Amino acid sequence: MNWLLKRLPAVRPARSALAGAATLWVLGFCLSVLLTSRVAAGEPATATTSGVSPGAGGASAAAQRLAGEIDAAIAASQRAAGIEPGAVVEDAGFARRVTLDLAGRIPTTAELQAFLDDPAPGKRRRLIERLLTTADYAFHQRNQLDLLLLARLRRDGAWRDYLLQASRERRPWDQLLREILLPEREQPDEAGAAAFLRHRAKDLDALTNDTSSLLFGINIACAKCHDHPLVVDWEQRHYFGMASFFKRTYTTRGGSVAERFEGDVRFTTIYGEEKDASFMFLSGARVEEPAVERSDAEWKQVRQQIKEAEKNDQADPPPLPAFSPRAQLVDLALEDPRRYLAKNVANRLWARLLGRGLVDPLDQMHSENPPSHPALLERLAEELVAHDYQLSHLVRAIMISDTYARSSRLADAEPPPPEAFAVALPRPLTPHQLALSLSLATRDPAALPGPAKPSDWEQQRAAWEQRAEGWARRFEIPSPRFQVPVEEAMLLSNGTEMQQDLLADRSDRLVGALQKQPSVPEQIDRAFRAILSRPAEPAERERLAAYLEARRDRPVAGLRQMVWALLTSAEFRFNH
Amino acid sequence: MHRQRTDLGSPPATVSRRQLLGAAAVGSTVAAADMNRLSLFSQSGLAGEIARGDKSVILLWLAGGASQLETWDPKPGRSTGGPFAKIQTSVPGIEISELLPKMSQRLNETAIIRSLNTKIADHGGGYALMDTGRRSEPGVEFPHLGAIIAHELAQRESQVPDHIEMYTSTEGRRKGAAGFLGARYNPMFLTDSMMPDNIQRLEAISDADHADRASLQQFLSQRFSRDVPHPAVDSHNAAYGRVRGLMASDYLFDVDREPQSMRDHYGPTQFGQQCLVARRLVEAGVPFVKVARAWWDSHGQNFETHRELCADLDHVMAALLDDLKQRGLLDKTLVVTMGEFGRTPKINGSLGRDHFASAWSCTLSGCGIRGGSVYGKTDEDGQTVIEGETGAGDLFATIFAALGIDHTKEYMLGSRPIPIADFDSFPIREILA
C-alpha cells in the first residue's frame, strides 16, 4: 500500500485553527475515499505486488466498468440525435493513436508489427496496459502537464524535471495541486514545483485567471471589470475572491515563492462602489482570516525579513504565515473536489484523448455552457476522486472504450457534430509528439526497439527527448483554433536540419535503410510503415513507384523526396 | 464601408494583384522561377484595374518609445522643451521639431495625433497595448495589428506573404502574434537577415524536384484530408500550398533588384533598406509590413539619441512617402509611425527622458488620411492632454476606418464578441479623408 502511505502526508499540514476543521474534514473524507476505492477496485493487492501504478489488474476491472458507462452514455446521446457511430479504427490506426496518446510518439516499425502479428484476443487492451507501464508514459505525461500548466508562458527545465519525477511516481492529481500551489510548504527543496506560481507571481491577474482556468475550468477574466455579462454564475466578487488567495504571493530574490502576512484585495464596481474582496472560492465558500495579535515590533520584523528576502538571494528563507491564503484555496478546492477540480481535469483528459471536451471550450464550465454529456462528466469526476485522483484511471477507461476506438475516416459522409463523438476527431500533434515522431520515423527502423525494450530504454528515451527539444520549440502548440503556420511548412520544406539530419543519406537513417531494400515496392512499404504506421494503399504504391521510377538516375534523391512527402503529409501531422 | 471579402470558392469579381501573382506563382514552375514581374504589372494596362484593389499598411515602429517633444509636439522655450527648436512645416500653422526637416516639407500627406493617453508605460505592456489596441487580458490571446490587417485584407491562400515584421536591432524585438485568429496570420519575422528564413530552396534539391515533391506531398496529404475533413487539417494543406508561392516572392526582399539611385534615395541605413523592402512588398500586394527601428529608450542622453535617430527617421520616412506617392501607392498604403509610448516632458538628471504614456504623439500618412491635419493638444509643457484625448482603441479604429474596414466588426470567441477595435472606441473623423 505504498500509494496509501504516500497519500497521507498530502493532507497532513494543519495551518491554522480555522483551517483545522476543514483539514479534518478532508482527512476524514480521504480516508473514506481510500476505503471505498479499495472496495471498488476489488483487488487491492495488485499495487504492491506489481510495483507499478495502482492496480494494473484490479483497477482495470473498474476501468472496464467505467468504459462501459462511457459507451452507454455516448451511445444513448447518439441514438437520441439519430446519429450512427462510425466504424471502429483498424488495428494499425489504433496502434498509432494509442502510442501517440500514451508514449507521446508514433510506434516503431517493430512495435507496430508485433501488434499486428499478435493473434490473441484482447491485444488492444494489452497494448494500452503495456504502454501505461513503459518509461515513455511518464515523459509524455510530463510534456502534457507542462503544456497545460506552463509551456505557453515559459520553458523551465527544473519544472520539467519536477513534472517528470511526479509523473514517474504517478503522483495523484490532488497532490500535484498541493505541490504546485503550495510549493514552499509541500516541496520546499524543489525549485521546479514553484514554477507554476513563480512565472506568474508578478501578475495577480495571471495568477488568478490561469489558476481558475487551468485547474478549475473557469475563465473568470470577464468578471474582473464587471459581473459577467453572459453568465450569472460569475460576479466581480468571484474574480476578486479568487485574486485574494494570491494577493500575498511573492517571489524571493532566490526564486522561491512565499506569502506575506498581510494584503487584501479591494475592487471597484461599475457603479463606482469600493468593496473589500473576501477569500472566496468559485463555489462561493469563504474563509475568514483569524485575528492575530502582533506587536508593532513583530510586524516590523516580519516585514523586514520579507523585504530582505525579496532583495537578497543570500537571505534566510522568509517566515511563512500561519494563515496561508493559498493553502485555504487548496482546502476549499478539495472540500468539494468533484465540482471543479476533478471535473476540470476529467474534461481536459477527455479533450486530450477525443479532440473535444465534454464541456467546450475547456475553460467555460458554467451554467450557460452545459456539458454535452452532463451525467458522464459527473461520473468521470466521481471516479477520479474515488480512485485516489489517479489520472491514469480515467485515461485507461477512456482508451479502452469503444468511443475512443472510432475511426476518423468519414468516407463521403457529412461530418457528424463533434459533440456526438461518433467519429474520431483529428488532433494536431503537440510540439513534442511531432518532434519525437519526426526523429523516430527517420531512423533506420531496424535499429529501433519493438515492444520489449532494452534495459536502458529510459535513458534512451531521455536522449530522444533532448534531441527533440530544438524542433519542439518551433512547432505550434495545439489550441482550439489550431492552424499550421506557413513557417512550419517553410521550415520543413527548406530548412537545413530536415535535409542534413532527418533525410541524411546515412546507414542509421531511414533514407539509408531504404536503399538496402531489395525492391521498390518494399522501399515504399517500409517507408509507409516507418512514417505513417500503416502499409501503403494500391493507389499510393502506384504513384510512388512512378515517382521513384522517374528518378532512377538519382535514386537517393528519389527516396529522400518520398520520405519528405510522407513526413509532411497531413496524415503524419495529426493524431487521428 | 465594410470591406467585402472575396469568397475563395467563387470566381473573384475583380482581378487583384495578389491573385495574379499567386496564379503565376502556382500555375507554372517556370513562371515561379522568374517572378520579377512587378514592373510589368505597374506598367501594363492592367495596372489601373489592379490599383483599385488592395490596401496595405506599413507600420514604422519606433521601438523603445520616441520622444514626442523631439518629433511631432515640440515645446521649445519651456522647461520641458529641451534644446531643439520647432520649425514651420509645409502646412501653415503646423510646427514640428527641427529634427524632422524633411518631414516638415511633406506634411501634406500626414496627420499628427498629439493627444495619445495610453496610460501603460512599461515596454512590454505598452507594446502589447499599442500592437493589439487593447489591454491584455489573461486567458485571451488578442491578435496583433498585423494579424488583424492580414486577416481582413489578405486572401487566405495568398501566395505572397501577408504579415511581415522586420527589426533592425536586438533591442525591443517582439514578435507579433495572431492570437485567436490562428497561426495562419502569424508574422514572417525578419531580424538578422533581410531575407526570411527558409524562403530559398536548398542547393541539394533541384527546382523541378522541389516542385514535383510538393505535388507528391499534395497527393498524399489530400487523400487524407478528403477522408478526414477538418479545418485544422485544411490549414496544414493550405500552409504547404503557400510554400512555392512564398518562395517565388523571395525577390521582393532583394533590394539589389532596385536601381542604385533608388537605394540611395532610401539611404544606406538598415532601416532605410528595410523600408525599401517594405515598399516592394506593398507594391506586390502584401497587406501589412512592420519595420521596427530601435532603440529610442533614451533614459540618458535623450537629445543626442534623438538627434541621431530622428535624422534616420526623417530621411527614411520622407523617402518612403515620396516613393509611395510617386508610384501611386500612397492612396492605398497607410503609413503609421509610432512606438509603445512617448517620453517624459521632465528631463531627468542624465539629460534623459523616461517612459511616458499620458500625452504623446503618433502620425498616420497616406491611405484614407486627411493630410496636413493635427488632432488633439497637450498643455504648454506637454504634461497632459488638454484636447482630443485618444486611446489605443481609438487609434486602431482610426486605422481601420482609413482602410475602409468597419471598426465595429466583431470576432466571436465562443459566445463572446470581440470587436476588432476595442469596445467604446471611435475613429477620429477629423483626420480621415
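Salt bridges and their surroundings

A: In chain A, a salt bridge joins Arg178(A) and Asp331(A), with 3.5 Å between the closest N and O atoms. This pair links distant parts of the chain: Arg178(A) belongs to helix 10 (residues 173-181) of chain A and Asp331(A) to helix 16 (residues 325-335) of chain A, 153 residues apart. The model is a predicted one, and the values given here are computed from it. Arg178(A) counts as buried because its relative accessibility is 3%. Asp331(A) likewise counts as buried, at 3% relative accessibility. Side chains of opposite charge can pair when their charged atoms come close.

Chain B has a salt bridge between Arg114(B) and Asp73(B), whose closest N and O atoms are 3.8 Å apart. Here too, distant parts of the chain are linked: Arg114(B) is in strand 4 of chain B, while Asp73(B) is in the loop between strand 1 (56-62) and strand 2 (86-88) of chain B, 41 residues apart. With a relative accessible area of 14%, Arg114(B) falls under the 20% cut-off and is therefore buried. Asp73(B) is also counted as buried, its relative accessibility being 6%.

Another salt bridge in chain B runs from Asp323(B) to Arg327(B), with the closest N and O atoms 2.8 Å apart. Asp323(B) is buried at 2% relative accessibility, whereas Arg327(B) is partly exposed, with a relative accessible area of 32%. In chain A, salt bridges that share partners build one network out of Arg105(A), Glu111(A), Asp136(A), Arg142(A), Asp146(A), Arg155(A), Arg160(A), Lys453(A), Arg461(A), Glu465(A) and Glu469(A). Over all chains, the search of the whole structure gives 84 salt bridges.

Arg114(B) leads on to the strand that holds it. Strand 4 of chain B covers residues 110-116 and is mostly covered, since seven of its seven residues are buried. Strand 4 of chain B pairs with strand 11 (residues 360-366) of chain B in the antiparallel sense, over five bridges. Within that pairing, Ile112(B) has Thr363(B) of strand 11 of chain B as its bridge partner. Strand 4 of chain B also pairs with strand 12 (residues 373-375) of chain B, in the parallel sense and over three bridges. There the bridge partner of Ile113(B) is Tyr375(B), in strand 12 of chain B.

These pairings are part of an open sheet of eight strands in chain B, in the order 6-5-7-1-8-11-4-12, with mixed pairing. At the edges stand strand 6 (188-190) and strand 12 of chain B; each has a single partner strand, so one side of each is left without a neighbour in the sheet. Direction ignored, neighbouring strands of this sheet are turned against each other by 15° on average. Strand 1 of chain B pairs in the parallel sense with strand 8 (residues 333-338) of chain B, over six bridges. In that pairing, Trp61(B) stands opposite Met338(B) of strand 8 of chain B. In a regular strand the side chains alternate between the two faces of the sheet.

Back in chain A, helix 17 (residues 338-354) and helix 19 (residues 391-399) pack with their axes 10 Å apart, at an angle of about 40°. That angle makes helix 17 of chain A oblique to helix 19 of chain A. The crossing of these helices of chain A is right-handed. Helix 17 of chain A contributes Val345(A), Ala346(A), Leu349(A), Trp350(A), Leu353(A) and Leu354(A) to the contact, and helix 19 of chain A contributes Leu391(A), Leu394(A), Val395(A), Ile398(A) and Met399(A).

Thr251(A) is buried, with a relative accessible area of 17%. Neighbours within four places in sequence aside, Thr251(A) is in contact with Arg198(A), Ala201(A), Lys202(A), Ser256(A), Val257(A) and Glu310(A). Of these, Ala201(A) lies in the loop between helix 12 (195-198) and helix 13 (204-216) of chain A. Ala201(A) is buried as well, with a relative accessible area of 14%. Ala201(A) and Val257(A) are 56 residues apart in sequence and 8.1 Å apart in space, C-alpha to C-alpha.

Definitions and conventions. Residues numbered from 1 in each chain as written. Chains lettered and ligands numbered in written order. Predicted model: local features only at pLDDT ≥ 70, side-chain atom pairs only at ≥ 80, totals over all residues. Heavy atoms only, no water. Buried < 20%, exposed > 50% of the residue type's maximum accessible area, 1.4 Å probe, protein only. Helix = DSSP H or I, 4+ residues; strand = E, 2+ residues; numbered from the N terminus. Pairing = 2+ DSSP bridges. Salt bridge = Lys/Arg side-chain N within 4 Å of Asp/Glu carboxyl O. Axes fitted to C-alpha atoms, helices over the stretch in contact; angles between N-to-C directions. Parallel < 35°, antiparallel > 145°, perpendicular 65-115°, else oblique. Left-handed = near helix turned anticlockwise from the far one by under 90°. Contact = heavy atoms within 4.5 Å.
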